[in-house]
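Please keep the sequence and the model in view while reading.

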Amino acid sequence: TQNDVTFSWNSLEDASGYRLQIATPDFENATQIVVDSLITTTNLSNALSVGNYQWRVRAQNSEYESPYTTQSFSVE
């Protein structure tokens, strides 16, 4: 089954967009990159199957990008 999961984060001054990535089971041993999107909002909803995941987000603009912030989670 699929479950809607909402990802949200704080905005960063001067960011024109955010790179959001979701991998299963994690980025180091990824069997699938589920999402790799550049968006302008500070949240995204996505339907995910049961399993283990990591998600990460970074702010960026035409000149700079921040480091990724990464979190692990499970969908049950």
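Among contacts between residues at least 6 apart in sequence, 57% join residues at least 24 apart; contact here means heavy atoms within 4.5 Å. The structure is a predicted model, in which local features need pLDDT of at least 70 and side-chain atom pairs count only at pLDDT 80 or more, while totals for chains, interfaces and linings use all residues. Residues are numbered from 1 along each chain as its sequence is written, and side-chain values use heavy atoms, with hydrogens and water left out.

The term pLDDT denotes the predictor's confidence in each residue, from 0 to 100. Its average over the protein is 95, and 99% of the residues score at least 70. Confidence is lowest in β1, with a mean of 92, and highest in β2, at 98.

The protein contains six strands and zero helices, and its pattern along the sequence reads β-β-β-β-β-β. Both kinds of element are DSSP runs numbered from the N terminus: helices are H or I runs of at least four residues, and strands are E runs of at least two. The radius of gyration is 13 Å, close to the 11 Å that the globule rule gives for 76 residues, so the protein is as compact as a globular protein of that length. This radius is taken over C-alpha atoms, and the globule rule is 2.2 Å times the number of residues to the power 0.38. Along the principal axes, the C-alpha atoms fill a box of roughly 40 × 25 × 15 Å.

Attention now turns to the interior. Of the 76 residues, 33% are buried; buried means under 20% relative accessible area, exposed over 50%, and partly exposed in between, with a 1.4 Å probe and protein chains only. In soluble globular proteins, nonpolar side chains tend to be buried together. A nonpolar core is a set of buried Ala, Val, Leu, Ile, Met, Phe, Trp, Tyr and Cys residues joined through side-chain atoms within 4.5 Å. The largest such core has 15 residues, of which F7, W9, I22, L48, W55 and F73 touch the most other members. At least two residues of this core come from each of β1 (2-8), β2, β3, β5 and β6 (69-75), and β5 gives the most, with four residues. Leaving out residues up to four places away in sequence, F73 touches several residues, among them V5, F7, I22, L48 and W55.

Which charged side chains are paired? The structure holds two salt bridges, a salt bridge being a side-chain nitrogen of Lys or Arg within 4 Å of a carboxyl oxygen of Asp or Glu. One joins the side chains of D36 and R19, at 3.1 Å from N to O. Because D36 lies in strand β3 (residues 32-39) and R19 in strand β2 (residues 17-24), the pair ties together parts that are 17 residues apart in sequence. D36 is partly exposed, with a relative accessible area of 43%.

R58 forms a salt bridge with E65, where the closest N and O atoms are 3.3 Å apart. R58 belongs to strand β5 (residues 51-60) and counts as buried, because its relative accessibility is 15%. Beyond its neighbours within four places in sequence, R58 is in contact with G17, Y18, R19, E65, S66, P67 and Y68.

Finally, A30 is placed in the loop between β2 and β3. At 37% relative accessibility, A30 counts as partly exposed. Apart from neighbours within four places in sequence, A30 is in contact with A23, T24 and P25.
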